[in-house]
Amino acid sequence: MKIRSKIAIMALSLVLVTTISIMSVIFIQLSKMRDDVEQELITLGIGEAKKVVYNTQLMIEALQSEVEQRLRYDLSAAFALMDHSGPLRVDKQLRNWLATNQYDLLSRQLQLSELVLDGVTLRGGDEGNTTDLFIRNLSDVLGVTCTLFQRMNPAGDMLRVSTTVPTTTGKSAVGTFIPAVHPDGTIDPVIGQVLSGEMFIGRAYVVNDWYNTAYMPLYSTDKSAIIGMLYVGERQSDLVALIKAIEGIAVGENGYVFMLESSELTEERQLINPQQKQGSHCASDSGYACVTKEILDRLVNDGKLSNSDGVQVVRGGMGLLHDNPEMADKIVAYSYFEPWDWVIGVCYNHQNYGSTQNRLNIVMRRSLGWICAAAFLWFSLALFIAYRLAFEISSPLERAVVAFQNVGRGDFEFQLGEASGYELEQLYKSFNHMLQNLRQVTTSRDQLDVEVNARRKVEDQLQQTVATLETIINEAPLSIIILSVDGRVVRWNPAAERIFGWTAEEVVGKMYPLVHGAMVAECADICSLVASGITLRSKEVQRYHKSGRKLDLLLSASGMYENAKFTENMIVILEDISDLKKVQRELEERKELYKLLSSEFKSILDSIQDVISVIGPDMKIRWSNHGQRRWNLGNEDQPSSPYYAQWNKDKSRCNDCPVIACFESGKIQRSKVTSPDGTQWGIKAFPQCDEQGKVINVIEVASDITESSILREEAMRSARLASLGELAAGIAHEINNPNGVIVHNSPILKEIMNAVIPILDEYGEAHGDFPLGRMPYSRMRERLQKLPDHIIEASQRIKCIVDDLKDFVREEGRGEQQQGADLNLALEAAVRLTANSVKKATHHFHVSYQPDLPLFIGSIQRIEQVIVNLIMNACQALPDTEAAIDISTRFDEKNKTVELSIADQGTGIKSEDLTKVTNPFFTTKRETGGTGLGLSISSRILQEHNGSLHIESFPNKGTTIVITLPCMQEV
């Protein structure tokens, strides 16, 4: 090979090795920088995804707390309204049911005793059934689904006998039941907690879907057993506002927030996200939903999902789903929300996260292109120079070789010429000089390499810093805008495009587009403050969207400085809080709605006649709708003292207090109490428990049963008196029969005696005195003469008593009431009827009849009833048998009336009670059986006769009662 070719190849080899080395270093550094930037983007993306998952979970937790609190109040209101409507009991009547298990949909026939609510039997889906209408109305008022369950068997299966929960066909779910034990052998949590006597609040499967529910046990009338339960709830899928709020969350350019709902009953998981709605398939989701679902299904199978704590992150191709190449670039951040069995997470492809990596790839490809072009030009130039240099070096050598060859051939005359001689003479010197120059070139090249590497390193660091800042600005969720002091836009990041609608091309270099009208002056003030060195943080402002609508924003602004000198630019960071402000406004509206509902609820409670009171553990009255009537306290006095102090003044004397018993037992208590004013109350005490089942308050419902109790007692008394009157009439009739025989035979006996006595006299004269009826005839003879007269007198007396008794109980007609009657005869009959009571009450009973009394107009039986009642009252008022009763009749000629006066030496009547003794049901002898109706009825009878009743009484001295009746005619 010629030396020219060797020199050219050597030069080209050196250039090629240098070029390849530099290119390799550049490629390695670019690849490493790309990996570092990609890893940084992944880290930022994971952090943002965790933040989104955490904020979403906080939002769901707040909603869960609100839903459970609302359901607790709805269940308490539903139970109170149902209990107020009437008792729930189990009837002896049986009814056939076709019961369907809500889990495996298997049906079976059974017979259950019918449930009766407020006297109405539950008929399932009957349209006219009052109780079913009550459940539907309750559901409409509370705005939730309601169900009344009946216990099917001792195991605790609960049958829906009245409900507003729909089936899949939209019909009522009456006839479906919740089994105490699921088909897989697990115990139903709702049934287990209700059968233990506790309220269940939480998520539960209802008929065919998941609901947020509240269940309360229902007891039998004697509180011995649980006969059913009451339910209120709302479907979880109806939480539209929550799903829409989650769908509106953006995660990078292609990420999305999802909620994974676990449903063991349907043996599948439903994925809720903006790209795949419920009911869609994975094929329509561009692979993202399928990836998320497959990743989380594998986590569930490994038992790593429900046990996770906090926000977890999984990546495809990192030991998880490594067998699926499509998932290598997928990242999923998730958190498990146990109360609703939901998985909340974010899924995105880290290879496509943001536009920074795309721009980085473009810059790298452009740099590689320029480097390759420079290398090609350098190689071409080196090739030209190498061949040129080789030619210049090899030409003298070739001529020298020719000269050496000529010399070798003996051509000593051959001349190389000056140029050739010069080259040969200067060969070593030139070669040394070339070596020296080569050393200088090498040294210069090494120094150049060091400087190039140092500069490249600085440039790489600067480029990395710029790329980082670009990434932060472009990928930040907040709007970052750089403005000049004259209001022109210098920088407009993607978040600003997304929030305000203008693209960077539309606004960069132009005037700030977000303000106009009154906002211009505000913006100018902000610019002045920033230009003066003031930094603004989190200032609430409003700016315009491209569409013209206003946005609520948080503004932070600061000047931009270089070497501590203001650069005439400022950076403005805007955070969109429109959704937050909207939520705040909705909360304010809901607060006002709650106030309205509270006012309406209080109005409803105040309109209820029963007294409803809330009593705390300190036995103080927290609230009462009729505190004045029940406790004799105003609203401002209710919490001032324990309620038992209003009556008993001592807690130790309140032994049978239903409120104390309710606090101690935690069960509903019933009792009857009487307040100091004589009012009788029917008391029901209901426990109000917290989540741990501890009684925190007792709700007392008090019903005024005074009148009803008195009416009930009077009705029973009237029934007994009516029965006694019928019995007395029957006895009188039966007495008349044997007494008629006595009356009929007594004259005959008298004639017999008159005829027998002369015979007995003759026998006595002939035989002397002889015994007759265990007595000597001489003593018996006088009795024999009087015996028939005594029998006749006694039979007449019996007849008078029987007639008086029959007249007393006989119902007179309107015609009889208009007849004339003798007051003395009415008094005589009343004295005969009360003779036994008078004999037991006093030894000093005096009756004075004024002769020739004129008749009065009316019924003698009803006036006789009045006199009997007044005589009995006088007997009951006497302290002992030495106290006297004086009764007299008289005629008032001036007023043309007849009067009857009854004066007793009894205990008398208090002056404050004297005006109330004729009121119905008022009595001072209730403990001894008084009803308060005697004087009231007597006064009414006298008013019907146009008469009057006058009472004069002095305590511990006696009472005088005068009845006055108008005469039928003048004397």
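Student: Which residues is Val-53 in contact with, once its neighbours within four places in sequence are left aside?

Tutor: Contact here means heavy atoms within 4.5 Å. On that rule, Val-53 touches Val-311, Ala-333, Tyr-334, Ser-335, Ile-344, Gly-345 and Val-346. Before going on, note that this is a predicted model: local features need pLDDT of at least 70, side-chain atom pairs count only at pLDDT 80 or more, and totals for chains, interfaces and linings use all residues. Residues are numbered from 1 along each chain as its sequence is written, and side-chain values use heavy atoms, with hydrogens and water left out.

Student: Where is Val-53 found, and how far apart are Val-53 and Gly-345 in sequence and in space?

Tutor: Val-53 sits in helix 1 (residues 3–85). Helices (H or I, at least four residues) and strands (E, at least two) are DSSP runs, numbered from the N terminus. Val-53 and Gly-345 are 292 residues apart in sequence, yet 5.5 Å apart in space, C-alpha to C-alpha.

Student: Is Val-53 buried or exposed?

Tutor: Buried means under 20% relative accessible area, exposed over 50%, and partly exposed in between (1.4 Å probe, protein chains only). Val-53 has 1% relative accessibility, so it counts as buried. Over the protein chain, 39% of the 971 residues count as buried.

Student: What about Thr-213: where is it found, and what does it contact?

Tutor: Thr-213 belongs to strand 8 and is buried, at 0% relative accessibility. Apart from neighbours within four places in sequence, its contacts include Leu-71, Phe-200, Arg-203, Tyr-231 and Val-232.

Student: How do I read a pair of packed helices?

Tutor: Two packed helices are described by the angle between their axes and the distance between the axes. Axes are lines fitted to C-alpha atoms, for helices over the stretch in contact, and angles run from 0 to 180 degrees between N-to-C directions. Take helix 18 (residues 823–833) and helix 20 (residues 860–877): their axes come within 9 Å and cross at roughly 50°.

Student: What do we call the orientation of helix 18 and helix 20?

Tutor: Angles under 35 degrees count as roughly parallel, over 145 as roughly antiparallel, 65 to 115 as roughly perpendicular and the rest as oblique. Helix 18 and helix 20 are therefore oblique to each other. Among the residues making the contact are Leu-823, Ala-826 and Leu-833 of helix 18, along with Ile-860, Glu-864 and Ile-871 of helix 20.
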